[in-house]
Amino acid sequence: MSDVVVIGAGVAGCASALSLARRGLSVRVLERSPGEGASWAAAGILGPQLEAAGDGPMARLCLASRALYPELVASLAEATGVDVGYRRCGALRVALTAPGREEIAREIAWQKAAGLAMELCDGDAARARAPALCAEVTGGAWFADEARIDPPSLLRALRIAAERAGVQFRAGAAVRRVLVERARAVGALLEDGTRVEARWTVLAAGSWSSLIEASGLAPQAVRPVRGQIVELTPASPVLSQIVFGPGCYLSPRDDGRVLVGATMEFAGYVPAVTSRAVRDLLTAALRLVPALGEAPLGRTWAGLRPHPRDELPILGEGEIANLVFATGHFRNGVLLAPVTGKIVAALITGEEPPLDLAPFSARRPGLAA
């Protein structure tokens with residue numbers, strides 16, 4: 001029997017497993033199908049300020065996790081030698097109309113009072129930071145502390161570091177249900193009937209979390225939302241910072257590639273790329289940055305994000321003892337990986353969690369079975 005079994009091997013599951021192993025616990029991770037979830041498909045924007053329309057528990061959770069990234073990245077580099085592509089590149093949120101610019105200013109007004117790095121800018125100031133932006137840009141906001149990362153590299157580094165810390169991974173382990181005895185989780189039952197027993201169980205199964213029986217979650221508590229991404233490969237770099245605008249975001253890479261994302265579609269468990277979505281993303285991207293019109297098309301892909309009804313992650317314990325939730329991160333899974341790992345490890349080792357988890361409780365309305 002392990003100390004902990006983690007259901008799910010995305011960034012939330014791997015970060016949790018690594019944090020637990022570094023505290024001396026024996027951990028086993030059950031992986032349904034490598035490359036199937038949202039982690040590998042994300043664009044890697046670490047941008048808690050970009051979309052936060054107001055202060056609150058979610059904004060504070062995201063900010064806390066962004067602050068943990070430099071320490072995590074350094075520890076992963078030391079443990080694995082993998083460059084996870086972490087770059088504090090800053091981000092521009094831009095508008096194409098005067099009302100759009102005013103809306104951005106209203107939504108982020110709280111950030112200045114909160115002491116966060118932000119700067120309102122007109123169209124010329126935005127183009128001074130990102131000269132490739134179109135003449136239509138009327139302004140927006142600059143967030144100097146936002147960053148980006150390469151999710152596949154992050155996931156690989158987390159897994160390597162976890163394995164070197166003693167974590168055991170089992171691929172192809174589709175979980176049917178949480179094993180519960182006397183109102184206490186004691187592991188997981190696989191689809192093939194195998195029992196994987198542990199003193200603690202962590203549910204980090206992303207979009208598949210509600211399909212796992214006996215977790216206490218309602219069948220529709222977490223639903224998959226498809227996100228499609230288009231990769232463009234210009235001959236030389238066009239952008240150095242993240243650009244978030246109407247209809248799309250643009251996430252650049254050091255080699256000049258630009259990821260254009262992402263759709264939000266309730267399409268079930270179908271990670272397909274569609275012609276309509278590719279058209280819409282490219283139309284929005286080329287309007288923002290016309291120079292991308294000459295860039296060759298690279299890959300296209302889709303991932304399934306875990307969407308709770310209220311769009312808040314599910315973190316912490318529920319009604320079943322020794323069962324910890326680390327799921328429902330929706331569009332913020334990569335951003336929230338460091339703080340999720342700390343939360344899970346704190347709960348299981350009896351430490352105080354780094355934040356108040358009440359807003360993210362599995363007991364909140366609409367989640368329980």
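**Strand β11 and the chain around it**

In this predicted model, strand β1 (residues 2-7) runs parallel to strand β11 (residues 195-203), and 5 bridges pair the two. Strand β11 also pairs with β10 and is joined to β18. The chain has 8 helices and 18 strands in its secondary structure. Its radius of gyration is 21 Å, close to the 21 Å that the globule rule gives for 369 residues, so the chain is as compact as a globular protein of that length.

**Partners of β11**

- In the pairing of β1 with β11, I7 lies opposite L203 of β11.
- Strand β10 (residues 184-190) pairs with β11 in the antiparallel sense, over 3 bridges.
- L189 has R195 in β11 as its bridge partner.
- A hairpin is formed by β10 and β11, with 4 residues between the strands.
- In the turn of this hairpin, G193 has a positive phi of about 95 degrees.
- Strand β18 (residues 323-327) runs parallel to β11 and is joined to β11 by 3 bridges.
- V202 has V324 in β18 as its bridge partner.

**Extent and packing of the chain**

- The C-alpha trace spans about 65 × 40 × 40 Å along its principal axes.
- Of the 369 residues, 56% count as buried.
- Among contacts with a separation of 6 or more, 74% are between residues 24 or more positions apart.

**Surface and charge**

- The chain carries 39 positive and 37 negative charges, whose mean positions are 3 Å apart.

How values were computed: Residues are numbered from 1 along each chain as its sequence is written. This is a predicted model: local features need pLDDT of at least 70, side-chain atom pairs count only at pLDDT 80 or more; totals for chains, interfaces and linings use all residues. Side-chain values use heavy atoms; hydrogens and water are left out. Two strands pair if DSSP finds at least two bridges between them. The radius of gyration is taken over C-alpha atoms; the globule rule is 2.2 Å times the number of residues to the power 0.38. Buried means under 20% relative accessible area, exposed over 50%, partly exposed in between (1.4 Å probe, protein chains only). Contact means heavy atoms within 4.5 Å. Lys and Arg count as positive and Asp and Glu as negative; His and the chain ends are not counted. The place of a charge is taken as NZ of Lys, CZ of Arg, CG of Asp or CD of Glu.
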